[in-house]
Amino acid sequence: MQENEKRTELNDLGEFGLISHLTDKIKPNNSSTKKGIGDDAAILNYGDRDIVVTTDMLVEGIHFDMIFTPLKHLGYKSIVVNLSDIYAMNAQPRQVTVSIAISSKYSVEAIKEIYEGMELACNYYGVDLVGGDTTSSLSGLVISVTAIGEIEENKAVYRSGAKDGDLIVVSGDLGGAYIGLMLLQREKEVWKTSPTIQPDLDGNDYILSRQLKPEARKDIIELLIKMELTPSSMIDVSDGIASEVKHLCKASGTGCNLYEEKLPIDPQTYQTARDFNLDPTVCALNGGEDYELLFTVPQADYDKIKGNPHLTVIGHMTNIESGTNFISTGGSVMPLTAQGWDSFGKTNEES
Ligand code: ADP
Ligand code: MG
C-alpha cells in the first residue's frame, strides 16, 4: 500500500454501508437483468417467466458455533435461509447450488451429515441440488448456497412497492431464534467451566428449533395465493424486524408507525427473555434469524387477514416526512432504531 493511501476500516462502513460502497456504481449490461442488487433476490427475465436468484453464506464462528450446532441441522438451515429470500420475492424456489470450504478438522462422515440435512431440506421444499464447488479452508467451515426460483413474469414482490397507509404484516412470531441462541450460549459457558454438567435445555424445544432448525415460510406464500392477496412489498426477517421494516420504508420511500403491543411474541420466547433479564420487545425487534415474512398490504385487504392465526398486523406505513416510528405500549413515540445483526459488528442503524 502506498504511504498516503487512505485506509478505511470495514467497521467504519458496516455491512450495508460496505455493500452499497462496493456496488452502487454497478449497472446491468443485459436487458434480461430486471432487478440487480438491492432486494432479497435478483430478478432475471426470460420470456414469460422471471427467474429469481439469491445467495447466502454461512461461516463457522460467525453464523454458527460447532459446539452446539448439529451438523444435519446446519445443512438444513443453510438451504432454508436461501429459500426464505426466494419466498420473500413471492417466488417458488426450484434449484440450489452448494459450495463448501472444509478445514481438515472435519471428517468425511461429518460433511456427509451436513449433506443429509441439505437433502432433507431440498426434499421438503421440493428443490433440486444441481451443483456447487468444494475446496479446503485453513480455518473453519464455510457453506455458500445459491438458490434459483421462478415466478410468472412481473409478479415478483419487491421491497419497494409499499404505499403510505399500507398495513405492515408479519407471519409467525418474533425473537425466538435469538432467545434460542442466548440459551445455547449460556449452556456452552456452563459446559466450558464444568464439562460434566449436562446442558439444561428441557422444555425449550420451540426456541431451540427456531435457532437450530428454522423453516422458510413456503406456507405463507401458498396462503397468500389462496387468500388472493398480493403484498405491495415484502422482505424476509433475517436481521430483526426493526431493520427489515426500515429496509421496506427506505426502498418504498415511506415512513412507518410500528406498535409494541402488536408484536407477536411466543410465550416461551417471552418467558425465557425475562429469565435472561432481557426485554422481550427488544428481542422481537432486533433478534435475527426468525425467517418470517414481513410484508405490506393496502388497508382495503384488512378483512382478508383479520383473525388469521399466522398473520399479525404490527403497524402501518406513513408518508416519508413522518419518519420511522415505534410506539410503545405506554403510548410514547420514539424513532425506530435497528440494532439488527451485522457481520462487521456495527448496528444497522449506523450503516
Ligand atoms: P439478505 O439479508 O436478504 O440476504 P443482504 O442484506 O445480504 O440481503 O444483501 C442486500 C443486497 O445486496 C442483495 O441484493 C444482495 O444480493 C446484495 N449483495 C450483498 N453482498 C454483495 C456483494 N458482496 N456483492 C454484490 N452484491 C451484494
Ligand atoms: Mg432477505
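These legends walk through several close-up views of a predicted model.

The model is predicted, so local features need pLDDT of at least 70 and side-chain atom pairs count only at pLDDT 80 or more, while totals for chains, interfaces and linings use all residues. Residues are numbered from 1 along each chain as its sequence is written, chains are lettered from A and ligands numbered from 1 in the order in which they are written, and side-chain values use heavy atoms, with hydrogens and water left out.

**Figure 1. The whole protein.**
Let us begin with the overall picture. The protein has 10 helices and 13 strands; helices (H or I, at least four residues) and strands (E, at least two) are DSSP runs, numbered from the N terminus. Along the principal axes, its C-alpha atoms fill a box of roughly 55 × 55 × 50 Å. The radius of gyration is 21 Å, which agrees with the value near 20 Å that a compact globule of 351 residues would have. That radius is taken over C-alpha atoms, and the globule rule is 2.2 Å times the number of residues to the power 0.38. Of the 351 residues, 49% are buried. Here buried means under 20% relative accessible area, exposed means over 50%, and partly exposed lies in between (1.4 Å probe, protein chains only).

**Figure 2. The shell around ligand 1.**

**Figure 3. Polar contacts of ligand 1.**
Now look at the oxygen atoms of the ligand. An oxygen atom of ligand 1 is 3.0 Å from a polar backbone atom of Asp-39. On the side-chain part of the view, an oxygen atom of ligand 1 is 3.0 Å from an N or O atom of Asp-85, and an oxygen atom of ligand 1 is 3.3 Å from an N or O atom in the side chain of Arg-159. Taken alone, ligand 1 exposes 560 Å², and the protein buries 65% of that. A polar contact is a pair of N or O atoms within 3.5 Å; within protein, one must be able to donate a hydrogen and the other to accept it, and residues adjacent in sequence count only if both atoms are side-chain atoms. Accessible areas come from the Shrake-Rupley method with a 1.4 Å probe, and for residues only the protein chains shown count as cover.

**Figure 4. Thr-23 in helix H1.**
Thr-23 lies in helix H1. A polar atom of its side chain lies 2.6 Å from the backbone oxygen of Ile-19. Is Thr-23 buried or exposed? Thr-23 counts as buried, because its relative accessibility is 19%.

**Figure 5. Two glutamates with positive phi.**
Glu-228 has a phi near 55°, a positive value in a residue other than glycine. Glu-228 sits in the loop between helix H6 (218-226) and S8 and counts as exposed, at 66% relative accessibility. For Glu-289, phi is near 65°, again a positive value in a residue other than glycine. Glu-289 belongs to the loop between helix H9 (280-286) and strand S10 (293-297), and is buried, with a relative accessible area of 18%.
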